[in-house]
Amino acid sequence: MGNYLLGLDAGNTVIKAVIFDRAGNEIAAASEEGHSRMPSPGHVERGLDELWANARQVIRACIEKAEIKPEEIAAIGCAGHGNGLYALDRDGAPLIGIQSLDTRAAGLVDEWREAGVGDRTYPIARQRPWPSQTPTLLAWLKRHRPELFNRIGTVFFSKDFVVNRLTGRRVSEVSDMSGAGLLDLAARRYDKALMEAYGLGDCMDLLPPLIESADIAGTVTEEVATQTGLAAGTPVVGGLFDVVASALGSGVSRTGSASIIAGTWSINQVVIDSPDLDGPVFMSSTFDRSRYMAMENSATSAANLEWLVREFFEGEHAEGVSPFDACCALAGAIEPAADDPLYHPYLYGAQQDGHARAGFYGIAGWHTKGHLVRALLEGVAFGHRQHIETIRKAGAVFNEAVLSGGGSRSLIWPQIFADVLGVPVSVTRSRETGALGAAIAAGTGVGVFADFGAGAAAMVRTERHYRPDVSLEVHYARRYALYQDIAEAMAPLWRRLTAVPPAAAGAAA
């Protein structure tokens, strides 16, 4: 058996390929950024042909950089962003890719909330409908795009599409399907009553065969081997919902351990033994064959910094210095003060409110770019804190957390997280935790590791630790309360802002 494992990570924009040895050392990596399309307000889509072209490119580039024989790769695992909707037609051709930043179905979620749909779905899936959720988007297509809906042959996720192209198999696995609210979580299977609650009772045949994350989905085909440089017959496992992969790739594998991911999404999750908690959480996903991950998530994290850099800081940094590092340095130079501005990280809506919008509050003439950047970094951390408080109220217990995602690369932001959350925060050595988690699943699938815990113990190393600054506890408690109060006051105004005026609605019709 080969000494290397290939992990793929298909995010909302970037796809990465990383080759690891069995000790978790990164031998080579390659990445390619894709393009999102926004054909209408709230619609965020991608071309599936481009995704597969980029996947082929990064795999070949990674193998060439590693200077290894493709036969030395023991297995391949793929992680990918959850939810959204990736569909093939009935002949297996790419049909549509809707990303998890999409909010087109916000109105449908409002309608379902009034009708009590979530009261029917939560007991089964441990999840209520939300705008970018896969069944919600499928129901939206059924209502508003029937001509496209009627062409759908298979519904699955970004990483499933890559696995399909690698192997020719149409399958999905339990972590992504449960994370999308499409499984009876306790039974770990599809459920007709659940699909009927979404108005999709006639769509059971659109769901692919279901396997475990470390089960072998298929092997690399001869055609794909020629296109990518892989060896034909290399095993490909089912893979993982990327947030679960990132938790595993950052060493979170024990019951009661916590993972915080500051990426495109704000991900906050704790490993639990049973899906039955004392209160509701945003979603729960399977973690391995017997445990679960309690999650509170929203599209409110590091994508905010990406937007700020793209729109206002490109080119405004020294040569050789990352614009993200330059921004964080500006924030780090600010001494926290009571009248610092506040920021809501709702560029793509809030968890249960697709109408929410981002905003800076309390800006004064003496505030600088550094104050605004720090407000944004704190605002994202406040959003994570809000989610973590919900998990704790539901009964999950933890006293420290591992931070991963783009936000963990900063030397300043992890300290802000520790201060705002009030718990020690650690950062692991690997920056590609999603790909590493996928590689651990691949190694588990072919017997390199006995289970996920053994794989994490072998491949993950901690790099940095951050402890909360107790002198800032009162400061952040006050600012967090203001953050919540302003959000509550703004909620009705966001709805007025995003409402389509009657005249505009008539013109659009």
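Two strands count as paired if DSSP finds at least two bridges between them. Helices (H or I, at least four residues) and strands (E, at least two) are DSSP runs, numbered from the N terminus. The model is predicted: local features need pLDDT of at least 70, side-chain atom pairs count only at pLDDT 80 or more, and totals for chains, interfaces and linings use all residues. Residues are numbered from 1 along each chain as its sequence is written, and side-chain values use heavy atoms, with hydrogens and water left out.

Contact here means heavy atoms within 4.5 Å.

A second open sheet consists of 5 strands in the order 4-5-8-7-9, and its pairing is antiparallel. Strand 4 (36-37) and strand 9 (152-156) are at the edges with a single partner strand each, so one side of each has no neighbour in the sheet. Strand 4 runs antiparallel to strand 5 (residues 45-46), and 2 bridges join them. Arginine 37 stands opposite glutamate 45 of strand 5. Helix 1 (residues 48-66) lies across strand 5, strand 7 (85-89) and strand 8 (94-98), at about 90° to strand 8. Helix 6 (residues 158-167) also packs on the sheet, where it touches strand 5, strand 7, strand 8 and strand 9; its direction makes about 35° with that of strand 7.

Next come the helix pairs. Two packed helices are described by the angle between their axes and the distance between the axes. Angles under 35 degrees count as roughly parallel, over 145 as roughly antiparallel, 65 to 115 as roughly perpendicular and the rest as oblique.

The axes of helix 2 (residues 106-115) and helix 4 (residues 134-144) cross at roughly 105° and come within 10 Å. Helix 2 and helix 4 are therefore roughly perpendicular to each other. Leu108, Val109, Glu111 and Trp112 of helix 2 meet Pro135, Thr136, Ala139, Trp140 and Arg143 of helix 4. This contact has 6 nonpolar, 1 polar and 2 charged residues, where Ala, Val, Leu, Ile, Met, Phe, Trp, Tyr, Cys and Pro count as nonpolar, Asp, Glu, Lys and Arg as charged, and the others, Gly among them, as polar.

Helix 11 (residues 303-313) and helix 12 (residues 323-332) have axes that come within 10 Å and cross at roughly 100°, which makes helix 11 roughly perpendicular to helix 12. Here Leu305, Glu306, Val309 and Phe313 of helix 11 meet Pro323, Phe324, Cys327, Cys328 and Leu330 of helix 12. The residues of this contact are 8 nonpolar, no polar and 1 charged.

Helix 13 (residues 369-393) and helix 17 (residues 473-498) pack at about 80°, their axes 10 Å apart. That makes helix 13 roughly perpendicular to helix 17. The contact includes Arg374, Glu378 and Phe382 of helix 13 and Tyr476, Arg479 and Tyr483 of helix 17. Its residues divide into 5 nonpolar, 4 polar and 5 charged.

The whole structure holds 4 cavities of 30 Å³ or more. On a 1 Å grid over the protein atoms alone, a cavity is a set of points where a 1.4 Å probe fits but cannot get out, and lining residues have an atom within 4 Å of a point. Grid points are joined across faces, edges and corners, and a volume is the space filled by probe spheres set on the points. The largest cavity has about 110 Å³ of space. It is lined by 16 residues, of which Trp130, Ser132, Trp265, Tyr348 and Ala350 are the closest to its centre. The lining of the largest cavity divides into 8 nonpolar, 8 polar and no charged residues.

Note on methods:
Axes fitted to C-alpha atoms, helices over the stretch in contact; angles between N-to-C directions. 1 Å grid on protein atoms, 1.4 Å probe; cavity = no way out; pocket = protein on both sides within 12 Å on 5 of 7 lines; lining within 4 Å.
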